[in-house]
Every structure is written in structure tokens, then in C-alpha cells.
Amino acid sequence: EIHMIADKGISEFASDTSYTEPTYQYFGKQLALESNIQNAMASLPSAKFERVLHPVFEQDEAVLIAVGSILGGLVGLAQAIVG
């Protein structure tokens, strides 16, 4: 029972941005996360940069390839008609 009450209180606290947003801003400023990540990513060689980003797009890779193929085909068709 006490664990359920604690879990409910924590989830309500975490979902209230009046508590979480100032904390997020404070830590973001103090740790300079955004600029540190930008600098670290900018300094990566292109092969390592691709390895960092690939898992992000991996689950949507088939969709990206399909959409790219369709768009490429449409552009090619338009060029054939116009030119």
C-alpha cells in the first residue's frame, strides 16, 4: 500500500512541469549539456558520427528507403516528362 502511494506521488510530481522544468533548466545550464553534446558531435569523424546516428534511424530505415525511392521515382518521371 505504501509503495503504491509513493509511486503515485512520484509520478504526479514528475508530470508537474512547475517542479520539473526549473530543475531541467538549472541542470541544463550548469552542465552545459547542449553545447557539450554539440561540440562532441561536431568533433567526431564522419564514420563515427554515422555510427552514433544509425541506431536512431535503424528502426525506420525501411520506411526511409521506400519514401526515398518513391520520391526519387517521381522526380525522375517529372524530369522525363519536362525534358
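**Entry 1: confidence**

I am reading a predicted model, so I began with pLDDT, the predictor's confidence in each residue. The protein averages 87. I found that 100% of the residues score at least 70. Next I looked at the separate elements. H5 has the highest mean pLDDT, at 94. H1 has the lowest, with a mean of 81.

**Entry 2: salt bridge**

How many salt bridges does a search of the whole structure find? I got one. The partners are glutamate 12 and lysine 8. Their closest N and O atoms are 4.0 Å apart. I then checked where the two residues sit. Both are in helix H1, which covers residues 2-15. Four residues separate them, about one turn of the helix.

Are the two partners buried or exposed? Lysine 8 has 55% relative accessibility, so I list lysine 8 as exposed, the cut-off being over 50%. Glutamate 12 has a relative accessible area of 45%, so glutamate 12 goes down as partly exposed.

**Entry 3: nonpolar patch**

Which residues make the nonpolar surface patch? I noted Val63, Val67, Ile70, Leu71, Leu74, Leu77, Ile81 and Val82. The patch has an area of about 840 Å².

Valine 67 lies in helix H5, which runs over residues 61-82.

Methods:
Residues numbered from 1 in each chain as written. Predicted model: local features only at pLDDT ≥ 70, side-chain atom pairs only at ≥ 80, totals over all residues. Heavy atoms only, no water. Patch = residues over 30% accessible without salt bridge, like charges linked within 9 Å, V, L, I, M, F, W, Y side chains within 5 Å. Areas by Shrake-Rupley, 256 points an atom, 1.4 Å probe, with all protein chains shown as cover. Salt bridge = Lys/Arg side-chain N within 4 Å of Asp/Glu carboxyl O. Helix = DSSP H or I, 4+ residues; strand = E, 2+ residues; numbered from the N terminus. Buried < 20%, exposed > 50% of the residue type's maximum accessible area, 1.4 Å probe, protein only. pLDDT = per-residue confidence, 0-100.
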